Amino acid sequence: MTVPRLTLNDGRSLPAIGLGTYPMDDDEATVAVAEAIRIGYRLIDTAAKYGNEVGVGRGVAESGVPREEIQVASKVRGSDQGYDETLRAFEKTRADLGLEYLDLYLIHWPLPRLDRYVESWKALVRLREDGLVRSIGVSNFTPDHLDRVTAETGVTPAVNQIEMHPVFPQEALRGANAERGVLTQSYTPLGRGRLLDAPAVVEAAGFHGVTPAQVVLRWHHQLGVLPIPKSSDPARQRENFDIFRFNLREWEIERISALAGSRYGGDPDTHEEF
Ligand SMILES: NC(=O)c1ccc[n+]([C@@H]2O[C@H](COP(=O)([O-])OP(=O)(O)OC[C@H]3O[C@@H](n4cnc5c(N)ncnc54)[C@H](OP(=O)(O)O)[C@@H]3O)[C@@H](O)[C@H]2O)c1
């Protein structure tokens, strides 16, 4: 199957779907990542905070697919914010993954009370200049956070990875990302698997002859967003990957976007995790 690619503001690109790895441990990640790569996934999402970078790196190595054909993303955790701290954290991430370079490196949360995310962003710019990271981005950033790092460095993040699913469709933040040329990646894209029985989803699945999870992931794709569903199960990994052979109708997308609900995770203006 051919997976479309999404172009970033730095001229690089990412495959239109990735594999999430939280909350896998090292052993689970090794097996799940190797399996996903064999299925066809070429983008793997991890983070220092997940404690599974060693396992993710092993999965990449054991997949049998050349490293340069795979894109690996990780994130700086809150306790490593700051310029020198981020450079040191990157070295540990790189060593744990067993990789020479990372394809994408993100600031995990802005932690505005700490007020160190600009310093971390400067470190990411340096890592990109040094060729150790191909693309740099952020996660859980509001438009204000995006504008501040851009104003202070002249470098706009390539990616903003945010919580998004049918009951939290993030229309405003998606628009703000797009206006700035920032690609939206969606985490918790399946609503942790809890949103798959909504009639808008189930009825679309029946019409298109696909599963509810495929409908939800296709909804992300048709909204121009890059989802990173997590599954440790090869059958579900395959299902989640196989979303490029049907088209939701416009009204189906709108009906799914209109499902009521709210975020499951933290509010970027106040959430603190280190
Ligand atoms: N940047 C951030 O702050 C942040 C925050 C949260 C998450 N993330 C990233 O985003 C990734 C995905 O988010 P998430 O794990 O919160 O939620 P998710 O991907 O929406 O849901 C994962 C859950 O859904 C189940 N599932 C997967 N495919 C399914 C299918 N086809 N049918 C039914 N159930 C299915 C999984 O179980 P099985 O494994 O058993 O299939 C798992 O329990 C994470 O793994 C992580 O990499 C980032």
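This is a predicted model: local features need pLDDT of at least 70, side-chain atom pairs count only at pLDDT 80 or more; totals for chains, interfaces and linings use all residues.

**Helix packing and the core**

Q: Which residues of α5 are buried?

A: In α5, which covers residues 143–153, the buried ones include His145, Leu146 and Val149. Looking down the axis of α5, its buried residues fall within an arc of 100°, so they line one face of the helix.

Q: And what sits on the other side of α5?

A: Asp144 and Ala151 are exposed there.

Q: What happens just after α5?

A: Glycine 154 comes there, and it takes a positive phi of about 75°.

Q: Okay, switching topic. At what angle do α2 and α3 cross?

A: The axes of α2 (residues 53–62) and α3 (residues 83–97) cross at roughly 45° and come within 7 Å. An angle under 35 degrees would count as roughly parallel and 65 to 115 as roughly perpendicular, so α2 and α3 are oblique to each other.

Q: Which residues meet there?

A: From α2 you have Glu53, Val54, Val56 and Gly57, and they meet Thr93, Asp96 and Leu97 of α3. By type, the residues of this contact between α2 and α3 divide into 3 nonpolar, 2 polar and 2 charged.

Q: Nice. How many residues are in the largest nonpolar core?

A: That core has 70 residues, and those touching the most other members are Val33, Ile44, Tyr105, Leu124, Val201 and Val216. Helix α1 (residues 26–39) gives the most to this core, with 6 residues.

Q: Let's pick leucine 124. What is it in contact with, leaving aside neighbours within four places in sequence?

A: With that exclusion, leucine 124 is in contact with Thr86, Tyr105, Ile107, Val133 and Ile136.

Q: One more jump, to arginine 5. Where is it found?

A: Arginine 5 is in strand β1, residues 5–7.

Q: How many other C-beta atoms lie within 10 Å of arginine 5?

A: There are 13, and arginine 5 is partly exposed. A residue counts as exposed at 12 or fewer and as buried at 20 or more, so a count in between is called partly exposed.

Q: Which residues does arginine 5 contact, again skipping neighbours within four places in sequence?

A: Those are Ser13, Leu14, Pro15 and Ala16. Take proline 15: arginine 5 and proline 15 are 10 residues apart in sequence, and their C-alpha atoms are 4.4 Å apart in space.

Key:
Residues are numbered from 1 along each chain as its sequence is written. Axes are lines fitted to C-alpha atoms, for helices over the stretch in contact, and angles run from 0 to 180 degrees between N-to-C directions. Helices (H or I, at least four residues) and strands (E, at least two) are DSSP runs, numbered from the N terminus. Angles under 35 degrees count as roughly parallel, over 145 as roughly antiparallel, 65 to 115 as roughly perpendicular and the rest as oblique. Two residues are in contact if their C-beta atoms, placed from the backbone, lie within 7 Å. Ala, Val, Leu, Ile, Met, Phe, Trp, Tyr, Cys and Pro count as nonpolar, Asp, Glu, Lys and Arg as charged, and the others, Gly among them, as polar. A nonpolar core is a set of buried Ala, Val, Leu, Ile, Met, Phe, Trp, Tyr and Cys residues joined through C-beta atoms within 7 Å. The arc is that of the directions from the helix axis to the C-beta atoms.
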